[in-house]
Amino acid sequence: MSVPVFSFRIKYDILPGLVTVGKYDGSHSCLTAATTGAKILIHSPHRHNREISFLNVNESVTAIYAGRLKPDEDKDILIIGSPSTLLAYHVDNNSELFFKEVPDGVTAITIGNLEGYSNPLLIVGGNCSIQGFDWKGQDLYWTVTGDVVRSLALVDINQDNANELVVGSDDFEICIFKNDNLIHEMTETETVGFLVGYKETKFAYALSNGTVGMYEKLHRLWRVKSKNTVNCLGSYDLDGDGVDELITGWSNGKIDARNSKTGEIIFKDLFSNGIAGIVSGDYRRAGRNQLIVISCTGEIKGYDSTSLTQDLKVHSDLLRELFLKKQSLISEIKNYSMMDLLTPGIPANTKLVTDINASMNSNRFPYNHVLLSLSTNNATILRLATIFAEGIFEGETFVVHPPNKDVSSALDIALVPPKDVSLDIHIRAFVSNDVDCEQYHVFELTRQLPRFSMYLLVPYLGIEDPISYVTFHIVERIQRLNMWLSHSFLIPTEIPVKITENNDWRIGIKPLREDSSVVNIKCVLGTVTIITENMELAAEIIQSLANYLNIDKLDVS
Amino acid sequence: MDPFYEACYLLRKREFTRCIDICTNLLQKNSLDQAVWVLKMRALTMQVMVDDIEAEEEGIADIFLDTDTIAISARPGTSLKTANMNTTLGNVNHRPRSVSGRPLSGVVRPGSQASSGETLQQVLKTPRTAQSARPVTSKSARSLRLGTASIVSQLDGPFIQISRLNMTNYAAQKAVSKPLFEYIFYHENDIRNALDLAIEATKICEFKDIWWKIQLGKCYFLLGLNRDAEKQFKSALKQQPSIQLYLRLARVYIRLDQPITAFDLFTDALKHFPNEVTIMTEMARIFEGLNNLPMSVKYYKEILQEDATNMEAIACIGVHHFYSDQPDIGLRFYQRLLQMGLYNAELFNNLGLCCFFAQQYDMVMICFERALSLAINENAADVWYNIAHIAIGIGDFDIAEQCLRLALSIDSTHATSFNNLGCIIYSRGHIQQACSYFDSSSALAPYLFEPYYNRAFVSHEVCYNSFN
């Protein structure tokens, strides 16, 4: 366990997520948090007798942030966001830098340098929009996003010595902006509630379903999921190795620090209530920052590298790994010895066959779905199967466990991916000879669901004068188009592609998710036409095709 | 002569009553004559119109029931409300406090009366005399001064039934809308309807007319919608900077208790209007409100460089010198005021005090005699109190006691008189009586530290003696 370097309590309720720390006089850290009744509490440990002061906001606080905004002053400015206004307030002078009406609301705030702007920029995320202000309140930066912005971070992702803006929003996307151009997009499985930027191209994210993870550049290093929800996210170098750890505060009062490379927990502690905020600031005038954690009921604890218990450090990776290995080997041996005694094993040539198909609604599954059929190649039975896939099921894992009388050697599972993204499905099937058997063989395998799995390939229907369509020109062989098709779609046994004698390539795509008409794609002499009324789908198809064919630039009309 | 021309001429000559009479007659003949109607409106308005830039006063309700100020307990020196905490006893410029509990200023003006009491209870307890009359809300403050106008002219019903006006109609007529607004705003003092008219009018001129922006801001400010007022003033300021706008916008910030923002605004204003006296006066007032007297005096001195006859600056510098142990220099400033033709009880009172402390004893009594002869009501209590002070200075306690009793007979809430009387009574050995004087003094003015100290001292002495 851990020993905090300081611990005290203030008798006020703190709203989760609305906590920041600022050096309002330029040298002393002050914990700042939103409390009930549209007030903001500032705790200044250096002011004796008058440690706690309040600010009236008169509107519900939706976001607060403190940072250096004025280029010629080292005092932090407190930024307060409410559903319709934005206030930049100089706490030390009791004066406001500016007060702005922001019709889109303020849901996320950050301050930092962006390329092309000499002064620090106050970046505010609202409903579908991101605005940037300078310290005078001038509106200098503006861009749009797909949904309500929940989190903002400034990270140098592509190592060009300039910050990129990372935006997490309600439509499950993490977007990376370079100035006002969208350069990358990652799709997650839930609202991206928190983002924390790190040095060296890394950033951490937390979703509203309790997932925490870390990206390096555009690749996910690791992720974990908990049944609790994340209340706040922070970064602090707790073990003193020069690399910041990811600190997560959970709704049940747990706080843990994870190694940013591996996601391994190196430290944890428990509060009696949910965590409201995690910040780092110098609260003991020690010359370096401590990790300060505040709970929803005003419990405040500070940690630094001395909080880590020594022996935990000595048990480094290797020892722990070896121990784990030993454990698993022991249990394996145990299993084998037991099995020998009890039941004969399954035939050695048993295989698990999987088949994935897009299919229309049927009697068993009264909705359009992607059918995942599992079966064994002999008389053995499939007792149960667990399927693990991101974002398809609530809770990410799905267990199929038929009643005893229905157990057979085949198992059908209907999947309904809500979005058009390619997914890895991890399947674990429990196979044995007999229903009443206690020992099962576990088959583990991973299958990939292509991006457009919820679409059925149908023969091309000739619509002679289409209402709306998209055309563009590519220089590719027909075979490549077929390859793209098999890469992005679930291909039935015979591909209904129609290739006429003069190399016309035609295909129809039926969306299974909604009841809309068939999308027709044809390629005549390199000119691709996508005939659909759904522009979003057309855009996605073009994107996927361009990606697959490695086309950087495509003129589309 | 054409009666309409005559009415116009009379308006120019500021003979409003006669102008109104002629207009009334004309309107009786032809009640649809808009020119006469507007003329009468203007005459009625000009009759009661005052320059309201400085007439603003924050009511008790506005201070304690509105929570527009951001910082509840701001750092001392950054808020007008916490300014008093700044005063330490060792401060050289420690001034006595006025009836409302603020450090004494050189002049009395709206706002200098504003109480600094931290609680509503304390403010309500502040003696309500003519000197410290504080309106309950800012709305009634205006009604107090201006609202009487609507009674004056209501011989045969009100001139205009505002509730029956079609605001959109009148807002569209550019010649009528502005006089009508001023009439509603100044004469009828009906801010809400004035705001309605202004909103309609500004829509019609596509939010471009700076005049309407200012009027909108004024209405919002009086209705306590500070943020809306700020928006209007800022937008007008962007269109065309003017001194009036800077003053009004700064008022909003002062209402929001952000004196430093207001000060920054004025600094900006001085770039547009260098050495502008009105703006520098406001800056000096802000520093005075913040209890930063040296800075305040610095600005007042700059004002005097520009305008050598600025009474407020002279008076404030005079007070500053007096309380920083330079009564002879203070005396020169007051003499200057006298030269300029100011002739009232306060001035002679101050002159008397300066003479006394500058050891020009021959002039002291003459000054106080003049002060007494000019004094009316509450002033007299202050004069008697100061005479008592002189009497204590020369060691004549009998006269001092007489004077203090006189002061209390005129103003029974004169807390400092109670305190001094208590001291004199104590020196005569009437301990119980002295204690009760100290108690009533501290009850009347909780911001005074002297009665508490004296009470403690007396209590300690009594204990000490009884134990021996």
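**Labels and the values behind them**

A: A:Leu456 stands opposite A:Lys510 in β38(A). The model is a predicted one.

Q: What makes strand β35 of chain A and β38(A) a pair?
A: Pairing needs at least two bridges between the strands. Strand β35 (residues 455-458) of chain A and β38(A) are joined by 4 bridges, so they count as paired. The two strands run antiparallel.

Q: Which strand pairs with β38(A) over 5 bridges, and in what sense?
A: That is strand β39 (residues 519-524) of chain A, and the sense is antiparallel. Within this pair, A:Ile509 has A:Val519 of β39(A) opposite.

Q: Why is β38(A) called mostly covered?
A: Strand β38 spans residues 505-511 of chain A, and 7 of its 7 residues are buried. Buried means under 20% relative accessible area.

Q: Which residues of β38(A) point which way?
A: A:Trp505, A:Ile507, A:Ile509 and A:Pro511 point one way. A:Arg506, A:Gly508 and A:Lys510 point the other way. Both sets are buried. In a regular strand, side chains alternate between the two faces of the sheet.

Q: What are the pairing partners of β30(A)?
A: Strand β33 (residues 423-432) of chain A is joined to β30(A) by 7 bridges. Strand β31 (residues 397-400) of chain A is joined to β30(A) by 4 bridges. β33(A) runs antiparallel to β30(A), and β31(A) does too. A:Ile387 has a bridge partner in each: A:Ile427 in β33(A) and A:Phe398 in β31(A).

Q: Why is A:Gly168 called buried?
A: The cut-off is under 20% relative accessible area. A:Gly168 has 0%, so A:Gly168 is buried. This residue sits in strand β14 (residues 164-169) of chain A.

Q: What does A:Gly168 touch beyond four places in sequence?
A: The contacts are A:Val148, A:Val149, A:Arg150, A:Ser151, A:Glu173, A:Val192 and A:Leu195. As for A:Leu207, 39 residues separate it from A:Gly168 in sequence, and their C-alpha atoms are 9.3 Å apart.

Q: How do you know that the span of helix α15 of chain B agrees with expectation?
A: Helix α15 covers residues 277-289 of chain B, 13 residues. At 1.5 Å a residue it should span 18 Å. Its end C-alpha atoms are 18 Å apart, so the two values agree.

Q: What makes α15(B) largely enclosed?
A: Of its 13 residues, 12 are buried, so the rest of the structure largely encloses α15(B). Among the buried ones are B:Met280, B:Arg285 and B:Phe287. The cover includes α13 (243-255), α14 (259-272), α16 (293-306) and α17 (311-323) of chain B.

Q: Which residues touch the most other members of the largest nonpolar core?
A: They are B:Trp37, B:Met41, B:Ile160, B:Leu180 and B:Ile184, in a core of 126 residues. Helix α21 (residues 378-393) of chain B gives the most to this core, 9 residues.

Q: What does B:Met41 contact beyond four places in sequence?
A: B:Met41 is in contact with B:Phe159, B:Ile160, B:Val176, B:Pro179, B:Leu180 and B:Tyr183.

Q: How much area is buried between chain B and chain A?
A: About 1700 Å², with carbon and sulfur atoms giving 44%. In chain B, B:Ile70, B:Ile72 and B:Arg75 lose the most area to chain A, together 32% of what that side buries. The contact takes 22 residues from chain B and 17 residues from chain A.

Terms used: Residues are numbered from 1 along each chain as its sequence is written. Chains are lettered from A and ligands numbered from 1 in the order in which they are written. This is a predicted model: local features need pLDDT of at least 70, side-chain atom pairs count only at pLDDT 80 or more; totals for chains, interfaces and linings use all residues. Side-chain values use heavy atoms; hydrogens and water are left out. The expected span of a helix is 1.5 Å times one less than its number of residues. Buried means under 20% relative accessible area, exposed over 50%, partly exposed in between (1.4 Å probe, protein chains only). Contact means heavy atoms within 4.5 Å. A nonpolar core is a set of buried Ala, Val, Leu, Ile, Met, Phe, Trp, Tyr and Cys residues joined through side-chain atoms within 4.5 Å. Buried area is the accessible area (1.4 Å probe) that two parts lose on being put together, summed over both.
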